[in-house]
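Please examine the sequence and the model shown here before reading further. The explanation that follows is intended to be read alongside them.

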Amino acid sequence: MTPCPCQVSPTPNSLSQAIAYSDCCQPYHKGLKKAETAERLMRTRYSAFVLIKPDYIVTTTLPAQQSLLDVAAIEDWATETDWAGLEIVEHTPKLGKRHAQVEFKAYFKSPEEITSGLEEKIQAHHELSTFVKVKSKANQDARWYFLDPTVAMTVSQKQPCICGSREKFKRCCGMYIEN
Ligand code: ZN
Ligand code: ZN
């Protein structure tokens, strides 16, 4: 059995029985399931980076930000990184009305020069990501999206929020991303 990339962790608190990809992130990548929580979305996005699925990274980013993403750069970064595992540090499932945060460490290997040559060293991207739950008008179907803080948005603080909540940007997603 191949464990799901999101079930791999280089730390001692890793799961003793890792879950297979087919029982973990694959149904989400195939669009058969939608992420129930921000943590689940975070895990499936990590697995999508490992398995080089830039389309999944795009479709799980806030719709208003999707066209501003550099898909080629996402793909290059996913391909060039030697991923080594994921650790969820903390999941804050409810933050205000519609946000959630996940603190995580995404591990990767990077070669380091030592006296006898090169040694693989494990390093981590330690990040705090914000997610927003968006309801579609048509079917009231709510879905979690990643709020990308690196995407420059042309929205003023008093304009309606980019997530479609009808609140002002500054009172909604603007609290979590730079503008
Ligand atoms: Zn998984
Ligand atoms: Zn918002």
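Predicted model: local features only at pLDDT ≥ 70, side-chain atom pairs only at ≥ 80, totals over all residues.

Residues are numbered from 1 along each chain as its sequence is written, chains are lettered from A and ligands numbered from 1 in the order in which they are written, and side-chain values use heavy atoms, with hydrogens and water left out.

We begin with the zinc ion (ligand 1). Its protein donors are the SG atoms of C4, C6, C24 and C25, which lie 2.2 to 2.4 Å from the ion. Donors here are N, O and S atoms within 2.8 Å of the metal (3.2 Å for Na, K and Ca); water is not among the atoms, so sites may look incomplete. The arrangement is tetrahedral because the four donor atoms subtend angles of 99 to 123° around the zinc ion (ligand 1). Four donors count as tetrahedral if all angles lie between 85 and 135 degrees. Ideal angles for four tetrahedral donors at a metal are 109.5 degrees. Along the sequence, the donor residues of the zinc ion (ligand 1) have the spacing C-x1-C-x17-C-C. C6 and C24 both lie in the segment before helix 1 (26-29), so this pair ties together parts that are 18 residues apart in sequence. Helices (H or I, at least four residues) and strands (E, at least two) are DSSP runs, numbered from the N terminus. Both C6 and C24 are buried, a term that means under 20% relative accessible area (1.4 Å probe, protein chains only).

The zinc ion (ligand 2) is coordinated by the SG atoms of C161, C163, C172 and C173, at 2.2 to 2.4 Å. This site is also tetrahedral, with angles of 102 to 119° among its four donor atoms, and its donors follow the spacing C-x1-C-x8-C-C along the chain. C172 counts as buried because its relative accessibility is 1%, and C173 is buried with a relative accessible area of 0%.

C163 and C173 lead on to the core. They are among the residues that touch the most other members of the largest nonpolar core, which has 44 residues. A nonpolar core is a set of buried Ala, Val, Leu, Ile, Met, Phe, Trp, Tyr and Cys residues joined through side-chain atoms within 4.5 Å. Several elements each supply at least two residues of this core, including helix 3 (54-59), helix 5 (71-80) and strand 3 (117-135). Helix 2 gives the most, with six residues.

What lines the largest pocket? Its lining has 31 residues, of which R45, F49, E127, F146 and D148 lie nearest the centre. A pocket is found on a 1 Å grid over the protein atoms alone, as an open set of points where a 1.4 Å probe fits, with protein on both sides within 12 Å along at least five of seven lines; lining residues have an atom within 4 Å of a point. The space in this pocket is about 690 Å³, a volume filled by probe spheres set on the points. Strand 3 provides the largest share of the lining, six residues.

Key
Tetrahedral: all angles 85-135°; square planar, octahedral: opposite > 155°, others 65-115°. Buried < 20%, exposed > 50% of the residue type's maximum accessible area, 1.4 Å probe, protein only.
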